[in-house]
Amino acid sequence: MQIIENNEEFDVIIVGSGAGGGMATKVLSEAGLKIAVVEAGPFFDPADPDQMTQMKWSYESPRRGSSIHRAFGDFDAAYGGWDIDGEPYTNHEDSNFRWFRSRMLGGRTNHWGRISLRFGPKDFKRYDQDGLGDNWPIEYEDVKPYYDKVDKLIGVFGTNEGLPNDPDGYFLPPPKPRLHELFYINGARKANIPVYPSRMSMLTKRINNERGICFYCGQCNRSCSVYADFSAGSCLIFPAQKNGGQVKLFVNAMVRAVNTNDEGRATGVSFVNKDDRKEYSIKGKTVVLAASACSTARILLNSKSAQHPSGLGNSSGLVGRYVHDSTGASRAAFVPRLMNRKTNYNEDGVGGMHVYTPWWLDNKKLDFPRGYHIEVWGGMGMPSYGFGFNPNDLNKHFDLPVGGYGNGLRDDVKKYYGSIVGFGGRGESIPQYNNYCEIDESTVDEWGIPVLKFNYQWTDYEKKQVKHMHNTFEELFDAMGAIPLGEKPGADQDYGIAAPGLIIHEVGTTRMGENKKKSVTNEFQQLHDADNVFIADAGPFVSQADKNPTWTILALSWRMSDYIIQEIKKQNI
Amino acid sequence: MMNRRKSIQTLVLGAGATALAVHSCAPSAEAESLQIPMSNPLSYGRTSKEATHDEKIMAEQYFSEAEMTTLAAVCNLILPGTEGYKSATDAEVPNFIEFMAKDYPDFQLPLRGGLAWLNRQSNLKNDTEFATADTAAQKEILDGIAYPKPDTPDHQQPASVQFFNLLRNLTMTGFYTSKMGIEELGYSGNQPNVWDGVPQEVLDQHNVAYDEAWLAKCIDQSTRNTVAKWDENMNLIS
């Protein structure tokens, strides 16, 4: 096949436009560099009337928002999911890694939960505390200035609580708790479990004159049309372009490989244009991979050359290894005291929780390492597909008949509306050498690119942690006067631990370190094996903490970008 | 009352919004200008691939006319238009179910088989198909399938009971996600607003209260339009 070459040379080619790629685009373009952003999906702007789903009613979808076609329902702003037609991945026997991809400008930032937690001092040095995994080559103080800048640039609400491993920040004030969250606060206090205002990247207050302020529709997963939540397009890439940055977007461009020269340095990337199915290559002095931890590993492993026979950056053999997701478990409960609610007020709030519980226990007294945080949901949401299913199952708690037909069902629905709460536990797993993704030489995607094959097993560490989550959930439910629904999963179900990948926090495939044999990048996310290739997604994470990764991706991408600017000035790259 | 579109256009919360008429008596939060880009009323944000799928299945018809009639009869027994309520057919629930059967083909066999089962029962008992039986006869048939055995998983219930569970679920969800169903439920959201806590009467009803120390940390909504500034110690100063 003829490869169509573009002779324009960019200072930096950035592959991927999510949190890491978006931040690199902003910082590097504002330094005057000429940037190409290569994104595997279409252009997306949540303010585009033809793309926006915010403020749509359920009945505007013929399937009432059900998740038949989009994993989180019709109105969710992720073009993709765990399964994408024409873009498969495979698993080894006994492995069930689930890989979520969002093919669009801004990537998964368009729909994510906006839970924006800094890693704390302990999170960078876990090996020192429990002898498991590895320390990061950097510490909290190295990243803190960047977290500070991210807070101010993007905006995050929360409160300064002086917690040892959940650092304070430059917060906007949080919204007041909703009714079910007051029940959670009271229950948690009774159970002696801490609870604080959540920390999320929606603007409860103006931070500049370019972005809007939250108007409390609770639909952040649809991506905000007034840019009051953090999405990489609306908060980073569009502002970079508006500020006069030289940013050229290549969309629907699926990167196959990083091209390298005889010295093993990158010269650009080649990609398949999804519109005409032809292969193109563009030139760049520096390449930043921010395609997501696993996609970046795939690109590196598919970038084989005489100088990089096992794939670019893979002289250690570690590209793809140590992939790890957050642990996850969830449970719902019925709160009788939340029955018969008044519906005459709007409690949509921000999209997601107004309160949460960060990790609070000492592992020395527990039978598992690392911690988890608890997310809380509930309330009187907009009815969408699934609302009204099993409308009076809860009658069994009152010895009333279940089932039936007729207008009595209307009373049942109203009686129970808003009386269910749920918890999600999200915890830190131990990265394992034997959990990895590699190239599956027997399978290609529809673009002809070899796909990833995963091998991933949870260990007893994670299973015991999730068992503890479930026990905690029941303590909390009990303290709230709530009746847990369903059965608590036992050992036969691995205590209900979510399949790896389902929490969508996968990190660690190109971990950073000082030792070239034990890591893929240095602390500035520069490949040990090619000094003009950097990684700005969560691949370089050594461990993922009991936090959501996005805020750290943003801070580290900014830190990396400053380093790139400095190295270009010094003519080192 | 303003319609929703109008209220979104005039309740100006966003940045860079064209200044619209602001009533001087309005409290500051409400006086902010908001211009939410209006979504295309004819779309719900589909990609072209998704739109093509929708168009394709909407052009097809799965249930026969007779089946649609039976479906409408059962749906209206589940949610009848009596006692001043809107019925399932008022909310076009059978059309929603027809769409779902095409969008999620796993529904087809249980629904079609279930509708045939209803007619068979009605023919045996009443010598007429379900839709033409009188209401009492229809209810007698439903009484046999509408009350699943407690503590038995759905997939272990008789097929007729599973069918009715499915149809009741689809009818309930089809109704309560429709415009008239949402109105009946009284859901007050999906409107731009400024959340400032649970109303006192609701707190009283559920016997809970806000903690003053917690409230002190929360956003004072009269300041939401002031650009945030911090001192070097992470304290918000404006």
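Trainee: In this predicted model, where is confidence lowest and where highest in chain A?

Mentor: Strand 1 (residues 3–15) of chain A is lowest, at a mean of 92. Strand 18 (residues 533–535) of chain A is highest, at 99. The mean pLDDT of chain A is 97, and 100% of its residues reach 70 or more.

Trainee: Why is A:Arg126 called buried?

Mentor: Its relative accessibility is 7%. Buried means under 20%. So A:Arg126 counts as buried.

Trainee: Which helix holds A:Arg126?

Mentor: Helix 2 of chain A, residues 126–130.

Trainee: What makes the pair A:Arg126 and A:Asp123 a polar contact?

Mentor: Their side chains come to 2.9 Å. The cut-off for N or O atoms is within 3.5 Å. The pair therefore qualifies as a polar contact.

Trainee: Now chain B. Which residues of helix 7 (residues 135–143) are buried?

Mentor: B:Ala137, B:Gln138, B:Ile141 and B:Leu142.

Trainee: How do you know that they sit on the same side of helix 7 of chain B?

Mentor: They cover an arc of only 140° around the axis, so they share one side. In general, an α-helix has 3.6 residues a turn, so residues three or four places apart point the same way.

Trainee: What does the face turned away from that buried side carry?

Mentor: The exposed residues B:Ala136 and B:Glu140.

Trainee: What covers the buried residues of helix 7 of chain B?

Mentor: The cover includes helix 4 (65–78), helix 6 (108–126) and helix 8 (159–176) of chain B.

Technical notes. Residues are numbered from 1 along each chain as its sequence is written. Chains are lettered from A and ligands numbered from 1 in the order in which they are written. This is a predicted model: local features need pLDDT of at least 70, side-chain atom pairs count only at pLDDT 80 or more; totals for chains, interfaces and linings use all residues. Side-chain values use heavy atoms; hydrogens and water are left out. Helices (H or I, at least four residues) and strands (E, at least two) are DSSP runs, numbered from the N terminus. Buried means under 20% relative accessible area, exposed over 50%, partly exposed in between (1.4 Å probe, protein chains only). A polar contact is a pair of N or O atoms within 3.5 Å; within protein, one must be able to donate a hydrogen and the other to accept it, and residues adjacent in sequence count only if both atoms are side-chain atoms. pLDDT is the predictor's confidence in each residue, from 0 to 100. The arc is that of the directions from the helix axis to the C-beta atoms. Contact means heavy atoms within 4.5 Å.
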